[in-house]
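Some words used for structures rest on cut-offs.

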Number of protein chains: 2
Amino acid sequence: MPVGLSDQMPELFPIAGMRLSSVRAGIKKRAGHDLVLIELDEGCNTAAVFTKNDFCAAPVTLAKAHLVAHQPKVLMINSGNANAGTGEAGMQAAQATCTMAAKVMGCEPEQVLPFSTGVIGEVLPVTPFEVGLPAAAAELSVTGWAAAARGIMTTDIVPKAVSKKLDIDGHAVTITGIAKGSGMIHPNMATMLGYVATDAAVSLPLLQKMLTDATDDSFNSITVDGDTSTNDACTLTATGRSSLPEISDAHSVAYAQLSEAVTQVLTELATMIVRDGEGATKFITIRVEEAASKAEAKQVGFTIAHSPLVKTAFFASDPNWGRILAAVGRAGLDNLNLTAIRLYLGDACIVENGGRSPTYTEEQGAAVMKEAEITITVKLARGTAAATIYTCDFSYDYVKINAEYRS
Amino acid sequence: MPVGLSDQMPELFPIAGMRLSSVRAGIKKRAGHDLVLIELDEGCNTAAVFTKNDFCAAPVTLAKAHLVAHQPKVLMINSGNANAGTGEAGMQAAQATCTMAAKVMGCEPEQVLPFSTGVIGEVLPVTPFEVGLPAAAAELSVTGWAAAARGIMTTDIVPKAVSKKLDIDGHAVTITGIAKGSGMIHPNMATMLGYVATDAAVSLPLLQKMLTDATDDSFNSITVDGDTSTNDACTLTATGRSSLPEISDAHSVAYAQLSEAVTQVLTELATMIVRDGEGATKFITIRVEEAASKAEAKQVGFTIAHSPLVKTAFFASDPNWGRILAAVGRAGLDNLNLTAIRLYLGDACIVENGGRSPTYTEEQGAAVMKEAEITITVKLARGTAAATIYTCDFSYDYVKINAEYRS
C-alpha cells in the first residue's frame, strides 16, 4: 500500500480559465476512466518538459511540435496505451486523435497537446476517441481536477493531487496540480505525467524557467526503479485570472514566491509518486550533503536509490548499511576521501573514519528501519552542494506487479 | 535454482606447482567451509585485478600493496565476512591474519595475498584463523580445487569451476579456475572472487595483460543486480610447469592461443555466476551489434541488463519488448537512429522501422520467453563494434534472499 497516502484527495481549488473532465472511452482493458480533457481559455500560457528517452512516444514528439507552433487550447490525455515504440502507425494515430479533438473542441489540431500512458508497443486505437471525446467535452468543469487525477492513473493505487493558495503582494494566487506514476519511474527532465496550473499571469519564458527549475528538484529527483519512461511529460499553465499583475521579471519577489510555491507543489506530487511506487512499503529520503556540486550529490543519491540490494534491505527493515557504503563507493566520484565521509541513518551516525561509528548500535539502526519513512544522510566532505533524492523499497509486490502487468 | 548448472563439478585437472585446501574455521555463521589456502611454488607468476569500488575492503587494499612488494606464495581466502567498511580495525585484522598465515606457511607476510567475502561492515575476527590456518595448511593438495570452489561460496547455490587442457605448439597446457558470486554482481575490472591458473610459463607483464583483457569480456560483462562489490578480485597464476617455453611475446601464436583459452575459462566462470545469480530462473544473453564502439555497445547492454522492468518481464516469461526498447532509449547514446535499430528476441525480429515488425507475432515472443535461456540482440546501425552482456531475471527469490541475508 502507498506509504503515508490515502485514496482521499485534499480539496482541489479550481483554477479560473481551465476546465477538466474524465470519462471511460474504452482504451484501458481494465475498468476505469481512460480519457481526460483539459480546456484552456484564450490567454493562458503553458510551459512543458518532456522525457529525454530517445525512444519517446509518438504523442511526445507530436506535443513538442504542436507546442512550438501554437500555445495549446486543449490537453488530451489517455491512459491504458502509451503509443510508444509504434513507429509511423503510432504517429498517424496520435495525429488522428488530435484532429478529432480539434473538431469537437473547435480549435486547430496543433492547439491540442496529446499525452499517452500505459502499455508500450501497441498502436493507440482511434475508435474509442469517437465516442469518448464528445462525452468528455460535455463534462468539462472547473471542478474537474479530482476526476482528472483519477482518469490518468495506470498502476497507481491512489490519485495524486496538490492544491495551494498563497498571497503574493496582496493578491490571492492559486496553484493546483495532478500527477500519475508508479513504475518506470526515474524521470529525466520530466515526470510520468503531471499537469500543474496557476491563475497567476506569468510570461512564457519565465513560466518555462519556473517549470524547468522546479522539475529539477522534484520529478528529476525521484526514482522507483531507475527506468526512464518513454512518455514522461509535465506541463505548467498560467491562466492569468488572478488580480496579480503579470510576472515578467525573474528577479522579482513575486517570481521568487510563485516559483517556490510551484516547486513545493511539484515536489509534493513527485514524492506522492514515490510513496505509491510499485510495491512500496517504505518511503526513503536520501540527503547528500557536502558535495562538490549538485550534480555529484545527485549522482551519489541515485546510485544509492537504484541499488536493489539497498532497496531490498529497506524492505526487510534491515540496517544493512554496508550496502549503502558500497553504493557510495561505486558512484563514480574521483578522489573520495573515505575516512572523511559520514553516513547517518535517521539521526544516528553509522559510519565515520572509514568504518562503523563507535557510538552506533544495531538497536539504533533497527529502530530507524522499522519506521515507514526513513532518511539517510551522506556527508561527503568535499564541498557545500547538496541534493535530496526520494525513493522507495523493493518488495515482493514490485516483482509481482511487473511480472503480471500485461497478463 | 541455478539456470543450467548442477552441484556436480566437472573434472578439475591439477595445476602442477599449486596446492589448495579448504576447512571450516568458524568465520561463517552458517555451516560450511570458510577458509581456503592456495600455496604457490617458487617461480609462479600471479597477476590480479581488483574491484574499482572506492570503498574497497581492507584485504583488497592490503593485497594490492603486497602484490607490488612481492610475488605471492600464498592466496588466503575467507568467506562469511567481507572485512569491508571496517576502517583501521579491519586493516589491522587483515594484517594480523597475513602474519599468522606467513608463520604457518613459512614465508613473509607480504607474500600472502588476503581475500575476504561475506557480510560488509563487521571487522574480520582473527581468532578462527588460529586453528583454521594450521588445519588448512595440513590439507594442502594438488587435487584441492573442488574443495576450494566450495570453500569460497557465500550465497552461491552451486560451486563454480572450469578446467581445460589444450595443446600449444605440441606442448600440453592446462588451465583450471574457480569463482564465487551470486549477488552484488556488477564487477568493474574484476569479479566477486576468481582464481585461475595455468601450468604454462608466462612473463608477468603479459600475464597481467592476458588477465585484464580476458576480464573485460567475461567478469566485466556480467551483472546480476548492478551492485559493484567492495571485495571483487580475480587472480591468474602461471606456474610454468608445462614443457611449453615461457610466453613473453604478446604477438606470438602461443600467447594468442593461451589468451583465448583463458578468456573462455573466465567467460564460463562468469556466466556460471549469472546462472547462479540470486533468485535466477532465466539466463539472458544480450548481444549488442553494429555499435560505434565496444564501450557504447556495453553501455546499451548493461542498461537493458540492469532494468528491473526488463528483468521482471523475463521472470514472467512476458515478451514485453517495449521495456527493452525503453531501456535502449535511455542508455544515453547521442543521435540514435530510431528507425534503423532492430531488436531480436531469439531469432525473431521484434522491432524495425521504429515500431513492431510486421512479421512478429506474440506467439513467437512467448515461445522464446518460455525457455530458460534467452538471447536478445540489438542492432544499432551505427558501426561494427559489438559486445555481449550476460544477466539473469529478477524474481521473488531475489527479494527474499536479500531481505533475509543477515537474519
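The questions and answers below concern a predicted model.

Q: What makes the radius of gyration of chain A agree with that of a compact globule?
A: For 407 residues, the globule rule gives a radius of gyration near 22 Å, and chain A has 22 Å, so the value agrees. Along the principal axes, the C-alpha atoms of chain A fill a box of roughly 70 × 55 × 35 Å. Chain A holds eleven helices and 16 strands, and 59% of its 407 residues are buried.

Q: How do you know what share of the contacts in chain A join residues at least 24 apart in sequence?
A: The count takes contacts between residues at least 6 apart in sequence, and 81% of them join residues at least 24 apart.

Q: Which residues make the contact of α5(A) with α6(A)?
A: On α5(A) they are Leu206(A), Met210(A), Asp213(A), Ala214(A), Thr215(A) and Asp217(A). On α6(A) they are Tyr255(A), Ser259(A), Val262(A), Thr263(A), Leu266(A) and Thr267(A). The residues of this contact divide into six nonpolar, four polar and two charged.

Q: What makes up the side of chain A that touches chain B?
A: In chain A, 54 residues are in contact with 54 residues of chain B. Elements of chain A that each supply at least two residues are α2 (87-105), α8 (308-315), α9 (321-329), β14 (355-356) and α11 (396-403). With seven residues, α9(A) gives the most. By type, the residues of this side divide into 22 nonpolar, 22 polar and ten charged.

Q: Where does Ile15(B) lie, and what is it in contact with?
A: Ile15(B) lies in the segment before β1 (18-23) of chain B. Leaving aside neighbours within four places in sequence, Ile15(B) is in contact with Thr174(B), Thr176(B), Ala197(B), Thr198(B), Asp199(B) and Thr239(B). Ile15(B) and Thr237(B) are 222 residues apart in sequence, with their C-alpha atoms 9.8 Å apart in space.

Technical notes:
Residues are numbered from 1 along each chain as its sequence is written. Chains are lettered from A and ligands numbered from 1 in the order in which they are written. This is a predicted model: local features need pLDDT of at least 70, side-chain atom pairs count only at pLDDT 80 or more; totals for chains, interfaces and linings use all residues. Helices (H or I, at least four residues) and strands (E, at least two) are DSSP runs, numbered from the N terminus. The radius of gyration is taken over C-alpha atoms; the globule rule is 2.2 Å times the number of residues to the power 0.38. A residue is buried if 20 or more other C-beta atoms lie within 10 Å of its own, exposed if 12 or fewer, and partly exposed in between; C-beta atoms are placed from the backbone. Two residues are in contact if their C-beta atoms, placed from the backbone, lie within 7 Å. Ala, Val, Leu, Ile, Met, Phe, Trp, Tyr, Cys and Pro count as nonpolar, Asp, Glu, Lys and Arg as charged, and the others, Gly among them, as polar.
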